[in-house]
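Q: Please take a close look at how one chain of this model is divided, at one residue within that chain, and at what the chain touches.

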Amino acid sequence: MDMSRQNNQSSNIVPSIPTIAIFLAIIVGGAVVLSTFAPILLPPQASVQAQRTDGLFTVLLLLGGVVFFLVQGLLVYSIIRFRVRPNDVSDGPNIHGNTTLEIVWTIIPAIVVVVLSILSFVVWQANSTPQDNVNLVEGKPMKINVVGARYAWSFEYITPQERPLAEGETLTEGQEAPRVSFASNQLHTYVGQHVKLDMNTRDVIHSFWIPAMRLKQDVMPGRTTELRFDPIATNSGFEYRLDEEGREVRLTPEQARLSKEEAAAQGLTNRYTKYRIVCSELCGSGHGQMYAYIYVHEDEEAFLANFYNPQVFAALNPPDDPVLKGEAILRSGAYPCANCHILNSLGWVGVTGPSLNGIGERAGRRVGGLNGIEYLAQSIHLPNEYLVPGYAAGQMPYFGYSAQAPAGHSPYNVMPESDLIGIIGYLCAQVESGNLNDNTCGLVFDDDGMLADSEATIAQIEAVTATYRSLYE
Amino acid sequence: MQYTTRKPLTAEEKRERERQRQEREAALRLKNNKLGVTIFQGSWIMVFVALIIVNWQMRYSPEWLKPGYSTPDATLPSVATALLLASAWSARSALRAVKADQVAQFLSQWRTATVLGGAFFLIMLSQLFALPPEAGQITSVFRVMIGYHAAHAIAIAFMMVQVMRYAQARPKHYNANNHWAVEATVRLWYFVVVAWIMFYVVLYWIP
Amino acid sequence: MATISVPLEQLQPKVKRPGLGQYLRWSVDHKIIGVQYAVTALIFFLIGGALALGIRWELFTPDLDFMADGTAYNSLFSIHGTVMIFLWIIPMFGAFGNYLIPLQLGAKDMAFPWLNALAFWLIPPAGIFLLGGYLVGQTEAGWTSYPPLSTLFSGDGQTMWAMSIHLLGISSILGAINFIVTILNMRPEGMSLWQMPLFCWALLATSFIVVMATPFLAGALTLLLLDRVGGTAFFDANRGGDVLLWQNIFWFYSHPAVYIMVLPGMGVVSEILSVHSRKPVFGYRMIALSSMAIALVGFMVWAHHMFTSLQPELRIPFMITTMIIAVPTGIKIFSWIGTIWGGKIRFTSAMLFALGFLSMFVIGGISGVMLAAVPFNYQVHDTYFVVSHFHFVLFGGSVFSIYAAIYHWFPKVSGRMLDERLGRLHFALTYIGFFFTFFPMHWVGMLGMPRRVAVYAPEFQSWNIVIGIASFVLGFSTLILLYNMAWSWSKGRVAGANPWRALTLEWATTSPPPAWNFDEDPVPFEDPYGYGTEAAQAYLDAIDRAFGLPDAASDALPRTGSTPLSPAPAAGD
């Protein structure tokens with residue numbers, strides 16, 4: 001063993017200054033180039049919070065890039081430079097460590113993580129500082145409740161507007177006047193609004209995530225969590241608008257990017273953009289289908305005209321006809337039916353539960369001894385009593401009249417009897433033959449497709465739904 | 001420096017080595033057993049710590065203790081705790097006795113320890129029903145903790161009974177040179193005591 | 001003048017390999033148990049891998065089309081995760097720990113051989129229990145099994161899942177007690193803690209985590225079982241329970257469990273980098289101490305898995321503790337580079353996988369620091385970014401190191417070398433397949449694809465196709481390893497006692513070692529990684545003289561050839 005040769009080698013293992021300089025330049029250059037990719041690695045930047053988070057991400061990417069290129073660079077360098085040469089059977093130099101070096105590579109990462117912690121803290125604090133004046137509409141605050149349920153999001157808007165008292169409703173002393181409220185399966189906001197969401201779940205844990213806003217918060221049974229964000233306009237502008245008939249029109253990228261005034265000059269009013277809201281906590285078989293959209297309107301005016309005012313009007317003027325009322329309820333998304341069932345007339349495409357197309361014709365033939373109304377009422381109150389072949393028990397939640405759930409009916413959802421009457425009426429009217437009178441509920445329709453006698457129909461359905469009241473006392 | 005290898009051993013040397021080896025291995029076994037039991041205790045006490053954390057977090061539940069119910073009375077458990085401590089004390093004396101080869105004294109003290117342990121166990125079983133299920137979350141937590149402790153207590157009490165039976169059948173079975181089974185049982189019984197004291201404080205004295 | 005305890009100029013006799021029957025029975029020989037662990041774990045690795053390919057097959061399209069329904073898909077990844085963690089990585093490192101610790105310490109067996117066998121034999125029933133869930137309605141709540149999904153909904157397989165994990169937890173506690181006692185009590189004369197192989201250090205740190213953390217899992221599972229079958233409501237908020245209770249206790253075990261899965265791999269890599277680059281480990285003490293530091297700090301970071309559910313005011317403290325972990329991890333990475341720096345790197349398959357570990361694990365480390373930053377975590381929590389991160393740690397880290405360990409120690413276990421050409425092919429396919437399976441997931445996750453979904457937004461499909469194809473390459477690469485092992489077991493070149501000329505004690509006996517491991521108490525070399533000294537050369541030459549040389553045509557390390565030596569006898573069956 002030639003020891004002198006080994007000693008030569010151990011002095012050879014320190015690279016020359018130019019090599020080190022080139023190496024460092026490559027690392028820093030690589031990291032800088034990498035960090036410029038930050039914008040394309042993330043979805044559109046649609047909130048103030050997203051801007052701050054992305055700033056932090058760029059720093060993380062830069063420092064991560066330095067570590068990445070440093071370690072991989074050292075590895076590649078070592079592999080090439082220190083590979084064993086043919087016929088060399090000697091060992092490497094007997095070096096056990098270098099205290100200075102070890103201190104350096106302990107201290108530098110320590111400093112880096114301290115910096116990152118401080119930076120993250122600053123961004124976190126800025127993002128989670130509560131804004132005053134949240135959810136303003138026409139200068140007054142609204143309350144927005146988010147409800148997660150397997151497998152849909154629904155949004156309940158409690159507006160600042162008072163609503164007239166219902167028949168038989170009285171106010172006790174000091175009680176605030178009831179407000180107009182409505183539910184939807186869409187979350188609407190506008191640029192400049194400070195949004196605050198109070199979030200709950202009906203069953204399991206869900207996680208409310210808007211990738212474009214960079215925000216995520218779990219909704220948990222037994223707790224109310226909140227989420228705040230401030231939507232902004234992105235570089236891609238507003239990609240949709242509603243036309244005069246209320247249909248969604250997709251704009252060209254150029255139209256989307258026009259300023260408000262330019263767009264208005266071209267008649268492109270009522271613009272908005274929308275982003276996906278995703279459930280990101282495993283919640284069961286339909287987890288992947290559990291999403292909704294957030295609509296960001298160009299300004300408050302568009303928000304009022306295209307969402308808020310029509311909804312308030314509908315809430316104040318419910319139809320008497322139970323079929324129409326049921327349609328309005330189901331269309332609003334107040335109940336999470338759409339993500340599990342197929343129903344062409346409302347555009348539902350869920351696959352976790354049985355299809356509801358033509359359910360009005362089948363309802364009365366499903367279970368011996370139950371007519372259509374009775375079957376539908378049972379399917380909603382006690383969904384596990386009869387299971388459509390191929391579908392498992394426990395997937396469909398229980399719906400009942402009050403929070404006082406019957407034993408064994410958990411998790412549990414409240415559905416007032418008046419809603420249930422409308423929903424049964426609407427489902428009875430789902431026929432595929434084209435003749436509404438083919439329904440097996442015994443509902444009678446005119447030739448023009450309207451109920452022959454709304455009040456009689458309500459009484460007919462109520463006779464069935466009333467039998468369930470005792471369950472919830 | 002040069003490395004050389006050893007010459008083959010003679011038969012004589014081999015026998016002597018074998019004897020030394022067996023002695024060393026016996027000592028090592030005992031050392032291993034002691035360390036093993038200690039680590040097991042350190043590990044398994046964590047289950048009890050976990051249950052105390054459960055207790056602590058569940059106290060924040062809105063349905064921890066429903067109105068009209070109160071936390072269980074501490075009198076009986078305090079008696080049980082005294083019995084358990086007395087049991088552990090006499091188990092300790094018994095271990096000292098057997099180490100000093102005082103076999104008769106060992107047996108009598110061991111019997112006392114076992115009987116006291118049995119009494120403790122019976123009181124604990126009664127405590128399982130100290131709260132009705134309607135009292136709220138406290139009942140589940142309470143029963144899980146008492147039940148978990150009782151399950152461990154009965155397993156180790158069973159070891160005590162076994163030691164007692166061996167000692168009764170063959171009076172010289174345990175002696176100054178052979179008492180690892182006794183020592184292991186005593187160590188595990190201490191473990192039951194420590195776990196119980198923790199639970200006793202949490203369950204009965206922290207309102 | 002030091003001596004090593006082998007008869008002078010007298011070749012050791014041929015060693016018989018244990019027969020198949022011995023592997024199928026209860027045995028208290030740590031080497032038999034080690035192989036039992038390894039084979040069982042490899043079988044479960046194949047099962048878990050098949051499940052993973054099922055997941056990828058489903059994800060080729062954005063709709064649910066391969067699996068019957070969402071529940072079936074959910075069982076797929078729930079069982080995949082559980083199998084890979086509890087029945088592959090943890091038992092596989094149990095295999096190496098069992099086989100190697102007594103040998104590296106020059107001991108005859110573990111401290112508690114019977115307990116050791118018991119720990120192993122708890123695993124097969126637990127595995128059958130877990131998979132048996134398919135007969136009664138498999139769990140669909142993921143390996144994390146968050147209630148109330150796991151208590152009020154998931155099928156009865158969830159109950160079996162919990163019982164299975166309970167058994168596996170007991171098994172790993174028994175194993176860990178054994179490791180700790182063996183390491184602390186049974187080191188040979190002349191080996192202080194600071195002269196112990198780093199693999200033993202890693203297992204010591206790991207076992208410390210196992211004994212302290214696993215009981216928490218036992219506690220959590222008890223509550224879960226009671227909620228499912230005992231009528232309690234610990235996790236049912238409608239009856240006053242608390243869903244965060246599970247998350248806290250579960251992660252108090254399961255975060256340290258990540259280090260249970262990766263610290264032994266770090267030990268393996270420390271050994272292999274040193275041996276195959278013929279240079280001492282750089283900063284031995286720092287590597288040993290950083291294992292301990294990771295084990296300790298690892299207990300204080302659990303809630304970083306809960307940044308979107310935890311009370312907001314607690315998030316920042318857990319971010320800070322999590323960031324701190326990066327420091328000891330960084331020390332290890334730089335020390336490993338220091339180890340190969342200036343060495344004589346030999347690109348054996350074991351070394352390739354160890355280098356692969358370094359280059360992949362560092363990516364998992366970087367994404368780990370990113371995940372720790374709370375604001376960024378909000379964006380990527382529970383997305384494919386996280387899936388990518390933990391596969392870089394657990395596949396790029398743990399599995400790469402397991403592969404490295406297989407190539408390094410297979411010769412010791414079987415007496416035969418693995419085929420190096422197949423090994424290099426295996427490495428190339430694994431490295432490429434792995435990188436393209438998991439690296440694009442970062443991007444997919446940041447853009448908005450949550451994890452655990454069978455149905456996803458169509459814009460992610462192109463990346464999922466790339467990932468899917470790469471994953472099948474990765475799956476195929478595993479078969480090469482299995483073929484190599486099967487073929488080499490009987491046909492491989494004779495390995496000899498010490499094919500890699502390594503200094504740790506497991507190489508100072510025949511391959512495979514006799515049932516009693518060493519004919520006489522071996523004398524360890526004063527420095528387990530003291531390569532590059534004449535003393536080390538003399539020590540290694542003495543081993544060669546006593547046990548014979550590897551087959552000259554094999555890929556074992558070439559010898560200097562100064563002394564005429566005889567070839568080692570082939571191990572027979």
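A: In this predicted model, chain A is split into domain 1 (13–82 + 96–128), domain 2 (136–162 + 178–313) and domain 3 (318–472). The centres of domain 1 and domain 2 of chain A, taken over C-alpha atoms, are separated by 37 Å. Contact between these two domains involves nine residues of domain 1 of chain A and 13 residues of domain 2 of chain A. On the domain 1 side, five of the contacting residues are nonpolar and four are polar, with no charged residues.

A:Val66 lies in helix 4 (residues 48–81) of chain A. A:Val66 counts as buried because it has 20 C-beta neighbours inside 10 Å. Leaving aside residues up to four places away in sequence, A:Val66 touches A:Ile27, A:Val28 and A:Ala31. By contrast, A:Asn371 is 305 residues from A:Val66 in sequence, and their C-alpha atoms are 71 Å apart in space.

Chain A also meets chain C, where 81 residues of chain A are in contact with 85 residues of chain C. On the chain C side, the elements that give two or more residues include helix 3 (70–104), helix 12 (349–372), helix 15 (420–447) and helix 17 (534–547) of chain C. Helix 11 of chain C contributes the most to this side, with 14 residues. By class, the side of chain C that touches chain A has 51 nonpolar, 23 polar and 11 charged residues.

Notes:
Residues are numbered from 1 along each chain as its sequence is written. Chains are lettered from A and ligands numbered from 1 in the order in which they are written. This is a predicted model: local features need pLDDT of at least 70, side-chain atom pairs count only at pLDDT 80 or more; totals for chains, interfaces and linings use all residues. Helices (H or I, at least four residues) and strands (E, at least two) are DSSP runs, numbered from the N terminus. A residue is buried if 20 or more other C-beta atoms lie within 10 Å of its own, exposed if 12 or fewer, and partly exposed in between; C-beta atoms are placed from the backbone. Two residues are in contact if their C-beta atoms, placed from the backbone, lie within 7 Å. Ala, Val, Leu, Ile, Met, Phe, Trp, Tyr, Cys and Pro count as nonpolar, Asp, Glu, Lys and Arg as charged, and the others, Gly among them, as polar. Domain bounds come from an automatic or database domain assignment.
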